[in-house]
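Subject: Structure handover

Hello,

Here is the structure you are taking over. My notes on what turned up in it follow below.

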Amino acid sequence: MPNIKSAKKRVKVNTTKAAANKARKSNLKTILKKADAAVAAGENQEEAIKVAIKRVDQACAHGLMHKNKAARKKSQLAKKLNSAE
């Protein structure tokens with residue numbers, strides 16, 4: 001346990017940010033799964049993919065995902081949508 005005031009604050013801030021990042025990552029995974037399910041079911045495909053791509057971009061902007069990984073995910077989503085049609 002830290003003794004210095006600034007170190008104590010760092011522990012609190014890191015805990016808070018870690019929880020927020022975990023929630024964002026979990027939400028992103030859920031949306032990606034919903035997009036996959038929509039493509040598999042064949043209903044609301046374009047809307048689900050559009051939302052998923054937007055969330056991937058937001059995750060990249062928040063620093064949760066590297067820009068190359070975000071580009072790869074978006075490409076995979078577009079490929080799934082195009083192959084389903």
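Lys67 is found in helix 3 (helices are DSSP runs of H or I with at least four residues, strands runs of E with at least two, numbered from the N terminus). At 59% relative accessibility, Lys67 counts as exposed; exposed means over 50% relative accessible area, buried under 20%, and partly exposed in between, with a 1.4 Å probe and protein chains only. Lys67 and Leu28 lie 39 residues apart along the chain, and their C-alpha atoms are separated by 15 Å.

Before the rest, the basis. This is a predicted model, in which local features need pLDDT of at least 70 and side-chain atom pairs count only at pLDDT 80 or more, while totals for chains, interfaces and linings use all residues. Residues are numbered from 1 along each chain as its sequence is written, and side-chain values use heavy atoms, with hydrogens and water left out.

Helix 3 also holds Lys73, which is partly exposed at 27% relative accessibility. Leaving aside neighbours within four places in sequence, Lys73 is in contact (heavy atoms within 4.5 Å) with Leu32 and Val56.

Helix 1 (5-41) has 37 residues and reaches 54 Å from its first C-alpha to its last, close to the 54 Å expected at 1.5 Å a residue; the expected span is 1.5 Å times one less than the number of residues. Its buried residues are Leu28, Ile31, Leu32, Ala35, Ala38 and Val39. What covers them includes helix 2 (45-61) and helix 3.

Just after helix 1, Gly42 takes a positive phi of about 85°. Asn44, in the loop between helix 1 and helix 2, also has a positive phi, of about 55°, although it is not a glycine. Most residues other than glycine have a negative phi. Asn44 is exposed, with a relative accessible area of 63%.

How many salt bridges does a search of the whole structure find? There are 2, a salt bridge being a side-chain nitrogen of Lys or Arg within 4 Å of a carboxyl oxygen of Asp or Glu.

- Asp36 and Lys80 meet through their side chains at 2.7 Å, N to O. This pair links distant parts of the chain, with Asp36 in helix 1 and Lys80 in helix 3, 44 residues apart. Asp36 is partly exposed at 32%, and Lys80 is partly exposed at 35%.
- Lys74 and Asp57 meet at 2.9 Å, N to O. Here Lys74 is in helix 3 and Asp57 in helix 2, 17 residues apart. Lys74 counts as partly exposed at 27%, and Asp57 likewise at 35%.

Last, the pocket. On a 1 Å grid over the protein atoms alone, a pocket is an open set of points where a 1.4 Å probe fits, with protein on both sides within 12 Å along at least five of seven lines; lining residues have an atom within 4 Å of a point. The largest pocket has a volume of about 240 Å³, taken as the space filled by probe spheres set on the points. Helix 1 and helix 3 each supply at least two residues of its lining. Lining residues include Leu28, Leu32, Lys73, and both Asp36 and Lys80. By class, the lining has 5 nonpolar, 1 polar and 6 charged residues (nonpolar: Ala, Val, Leu, Ile, Met, Phe, Trp, Tyr, Cys and Pro; charged: Asp, Glu, Lys and Arg; polar: the others, Gly among them).

Regards
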